[in-house]
Amino acid sequence: MGTTTLREAIAAGVVVLDGGLATELESRGHDLSDVLWSARLLTDAPEAIFDAHLAYFRAGARVATTASYQASREGFAARGFGARETARLLRRSVDLAVRARERHLAETSAAPLWIAASAGPYGAMLADGSEYRGRYGLSVAELTRFHRPRLEILAEAGADVLALETVPDVDEATALLAAIEGLGMPAWLSYTIEGDRTRAGQPLTEAFSVAKGVDAVMAVGVNCSDPGDVADAVRTARHVTGKPVVVYPNSGERWDAAARTWTGRPGLNRAPLPAWVCAGARLIGGCCRVGPADIAAIHSQVIST
């Protein structure tokens, strides 16, 4: 918020993002097993979302990502919400982040803060893990029609940037870029990857190339991925597009779907953040299992870089 835009800020240096919103909400005792995930709390416990955003701002994040990742007309319709109520809840996701920003700015002399309106992939609405596989059997045109309505609402709601995130394949990225045409909003495009490929198996050179020359896309990168895969992805994204790079990986732990638990040791705090910055990362935060304490550690490392 203020005279400095997020695009200008990342041209000048590194901006710290928040961590996993669902991670913080679950740590506060909220059950997110519903198919709407954190979006359920937009209607059931909106103040909890406000509190989570505020916790990340207080930890040093300069960008809050809204609770709209899993929000869509189709998802809310399955819970009995009509189009008007869905639009109201999408706008609420932005309003809650804006309120948290205003509270934090009232408490401190913080640098400019921004709001990223989250738009997750089609597979997030299905709530069956297909967001980590992609290739849903839908055409690019069908995916564009799915994404456009909520992106229109989010673009009008007062956010600073659209976060097109956790994208598993090139087809969906192409659809998302088509869906933001004419909205007059900057966006970042962030894939979920495994190794040097998208979750659907496409080379990252192909994946990032769809954003090359798209003026609305202010940054490209990866999220919801292993920290060990980040460095090469940053170099590839920068080389292919010439754009600033956004990275917000998971903690380094892995989700065991059968046991429904996380396994392994977190490794994000030990990640080579200076190397990411040198390679072109300008928006750095965390995703699943990354909480306010981790963001505070990232903030400290970035400030000292």
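Buried means under 20% relative accessible area, exposed means over 50%, and partly exposed lies in between, with a 1.4 Å probe and protein chains only. Helices (H or I, at least four residues) and strands (E, at least two) are DSSP runs, numbered from the N terminus. This is a predicted model: local features need pLDDT of at least 70, side-chain atom pairs count only at pLDDT 80 or more, and totals for chains, interfaces and linings use all residues. Residues are numbered from 1 along each chain as its sequence is written, and side-chain values use heavy atoms, with hydrogens and water left out.

Start with helix 9, residues 170–179. It is mostly covered, with seven of its 10 residues buried. Those seven are Val170, Glu172, Ala173, Ala175, Leu176, Leu177 and Ala179. What do the buried residues of helix 9 pack against? Their neighbours are helix 7 (122–126), helix 8 (140–156), strand 4 (161–167), strand 5 (187–191), helix 10 (204–209) and strand 8. A crossover is right-handed if, with the strands pointing away from the viewer, the path from the first strand over the helix to the second runs clockwise.

Eight strands form an open sheet in the order 1-12-9-8-5-4-3-2, and the pairing is parallel. Strand 1 (15–16) and strand 2 (63–65) stand at the edges with a single partner strand each, so one side of each has no neighbour in the sheet. Two strands pair here if DSSP finds at least two bridges between them. Strands of a sheet pair through backbone hydrogen bonds, either parallel or antiparallel.

Take strand 4 next. Seven of its seven residues are buried, so strand 4 is largely enclosed by the rest of the structure. Four bridges pair it with strand 3 in the parallel sense. There, Ala119 has Leu164 of strand 4 as its bridge partner. Strand 4 also runs parallel to strand 5, joined by four bridges. In that pairing, Leu162 has Ala187 of strand 5 as its bridge partner. On the strand 3 side, helix 6 (residues 83–107) lies across strand 2 and strand 3 (114–119), running at about 160° to strand 3. Axes are lines fitted to C-alpha atoms, for helices over the stretch in contact, and angles run from 0 to 180 degrees between N-to-C directions.

Strand 9 (residues 245–248) is covered on both faces. Val245 and Val247 are buried on one side, Val246 and Tyr248 on the other. Strand 8 (residues 217–223) runs parallel to strand 9, with four bridges between them. Val220 stands opposite Val245, and Asn223 stands opposite Tyr248. Strand 8, helix 11 (residues 230–241) and strand 9 make another right-handed β-α-β unit. Strand 12 (residues 281–284) is also parallel to strand 9, through three bridges. Val247 stands opposite Ile284 in strand 12.

Which residues have the most contacts inside the largest nonpolar core? They are Leu151, Leu162, Leu164, Leu189, Tyr191, Val247 and Trp276, in a core of 83 residues. Apart from it lies another core, of 19 residues, among them Leu6, Ala116, Tyr248 and Leu283. A nonpolar core is a set of buried Ala, Val, Leu, Ile, Met, Phe, Trp, Tyr and Cys residues joined through side-chain atoms within 4.5 Å. Beyond four places in sequence, Leu164 touches residues including Ala119, Leu151, Leu176 and Leu189. Contact means heavy atoms within 4.5 Å.

Last, the charges. A search of the whole structure finds 11 salt bridges. Each is a side-chain nitrogen of Lys or Arg within 4 Å of a carboxyl oxygen of Asp or Glu. Glu107 pairs with Arg58, the closest N and O atoms being 2.5 Å apart. Glu107 lies in helix 6 and Arg58 in helix 4 (residues 46–59), so the pair ties together parts 49 residues apart in sequence. Glu253 forms a salt bridge with Arg289, with 3.1 Å between the closest N and O atoms. That pair links two loops, 36 residues apart: Glu253 sits between strand 9 and strand 10, Arg289 between strand 12 and helix 13 (292–304). Glu253 is buried, at 12% relative accessible area, whereas Arg289 is partly exposed, at 37%.
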